[in-house]
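This report covers how two chains meet and what lies inside them.

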Amino acid sequence: MEKPKVLNIHYYAMLREKAGKREEDIESFAATPLELYKDLAGEYGFPSDSRSIRVSINEEFQSMDTALCSGDCVIFIPPVAGG
Amino acid sequence: MFTISDVSIDTDLLTKELINSRAGAFVCFEGRVRNHNDGEEVTSLEYEVYEELALKEALRIVEEAKEKFSVLELAGVHRQGHLVIGDIAVWIGVIAEHRGSAFDACRYMIDEIKHRLPIWKKEHYINKEPKWVQCSEHHGT
């Protein structure tokens with residue numbers, strides 16, 4: 001039987017405000033960041049359109065289709081606005 | 001060199017560090033907090049930065065600029081925290097033998113920084129709730 005992955009999630013900017021927290025450890029069966037984002041969007045009311053969301057896994061940009069592993073640090077990156 | 005700063009950017013100090021006797025050109029860009037955006041009167045800005053990834057990505061941009069343009073050295077700083085009108089939000093400095101490559105590298109640096117670094121900006125207004133804003137060319141969407 002498949003075990004859930006333990007993931008460390010950090011939130012920034014509008015996602016931090018919607019989640020009401022900066023960080024949490026969760027157990028998830030999500031196979032990819034895209035699946036994880038959809039789960040979190042449902043829970044916290046994040047934007048449902050994930051096309052403008054990028055993801056960092058363990059401090060590197062990755063595809064939303066990357067396979068998640070237990071212990072990963074996942075950070076979703078909403079549209080940026082530096083400068 | 002690229003850093004994220006919690007305090008005001010000391011442009012004199014940064015400029016003094018960009019010294020090379022082969023350099024005939026120094027070009028810098030200062031991004032300042034302005035008092036309006038999209039027809040709204042802005043009172044201040046909050047910058048939030050995912051610092052670890054922002055620094056990694058900024059160093060990649062610096063290396064790209066060095067490969068693309070004939071420059072001697074590049075430096076940059078981006079602020080985080082709450083800034084008021086007139087504050088410098090971002091500073092880029094480039095030295096090169098000639099002005100053309102210094103201008104080109106400076107333009108490349110600021111354009112890429114705006115589009116690629118995980119930095120977010122919340123605008124505060126006089127008579128409206130603050131709002132997170134986004135770069136219109138974000139992620140190519």
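Chain A and chain B are joined by 4 salt bridges. This is a predicted model. In one of these pairings, Arg60(B) forms a salt bridge with Glu60(A), and the closest N and O atoms are 2.5 Å apart.

On chain A, the elements giving two or more residues to the side that touches chain B are helix 1 (13-19), strand 3 (54-57), strand 4 (60-62) and strand 5 (73-77). Helix 1 of chain A gives the most, with 4 residues. By type, this side of chain A divides into 10 nonpolar, 4 polar and 6 charged residues.

Interface size is often given as the accessible area lost when the parts come together. Here the area buried between chain A and chain B is about 2,300 Å². Carbon and sulfur atoms give 56% of that area. Tyr12(A), Val80(A) and Gly83(A) supply 28% of what chain A buries against chain B, more than any other three residues.

| Interface side | Residues in the contact |
|---|---|
| Chain A | 20 residues |
| Chain B | 27 residues |

The largest nonpolar core has 35 residues. Which of its members touch the most others? They are Leu74(B), Ile92(B), Val94(B), Met109(B) and Leu117(B). Several elements of chain B each supply at least two residues of this core, including strand 2 (25-32), strand 4 (40-49), helix 2 (51-68) and strand 7 (88-96). Helix 3 of chain B provides the largest share, 7 residues.

Leaving aside neighbours within four places in sequence, Leu74(B) is in contact with Met1(B), Leu18(B), Val62(B), Ala65(B), Lys66(B), Gly93(B), Val94(B), Ala105(B) and Met109(B).

Ser101(B) sits in helix 3 of chain B. Is Ser101(B) buried or exposed? Its relative accessible area is 14%, under the 20% cut-off, so Ser101(B) counts as buried. The side chain of Ser101(B) reaches the backbone oxygen of Ser70(B) at 2.9 Å. Not counting residues up to four places away in sequence, Ser101(B) touches Phe69(B), Ser70(B), Val71(B) and Ala96(B).

Conventions. Residues are numbered from 1 along each chain as its sequence is written. Chains are lettered from A and ligands numbered from 1 in the order in which they are written. This is a predicted model: local features need pLDDT of at least 70, side-chain atom pairs count only at pLDDT 80 or more; totals for chains, interfaces and linings use all residues. Side-chain values use heavy atoms; hydrogens and water are left out. A nonpolar core is a set of buried Ala, Val, Leu, Ile, Met, Phe, Trp, Tyr and Cys residues joined through side-chain atoms within 4.5 Å. Buried means under 20% relative accessible area, exposed over 50%, partly exposed in between (1.4 Å probe, protein chains only). Contact means heavy atoms within 4.5 Å. Buried area is the accessible area (1.4 Å probe) that two parts lose on being put together, summed over both. A salt bridge is a side-chain nitrogen of Lys or Arg within 4 Å of a carboxyl oxygen of Asp or Glu. Ala, Val, Leu, Ile, Met, Phe, Trp, Tyr, Cys and Pro count as nonpolar, Asp, Glu, Lys and Arg as charged, and the others, Gly among them, as polar. A polar contact is a pair of N or O atoms within 3.5 Å; within protein, one must be able to donate a hydrogen and the other to accept it, and residues adjacent in sequence count only if both atoms are side-chain atoms.
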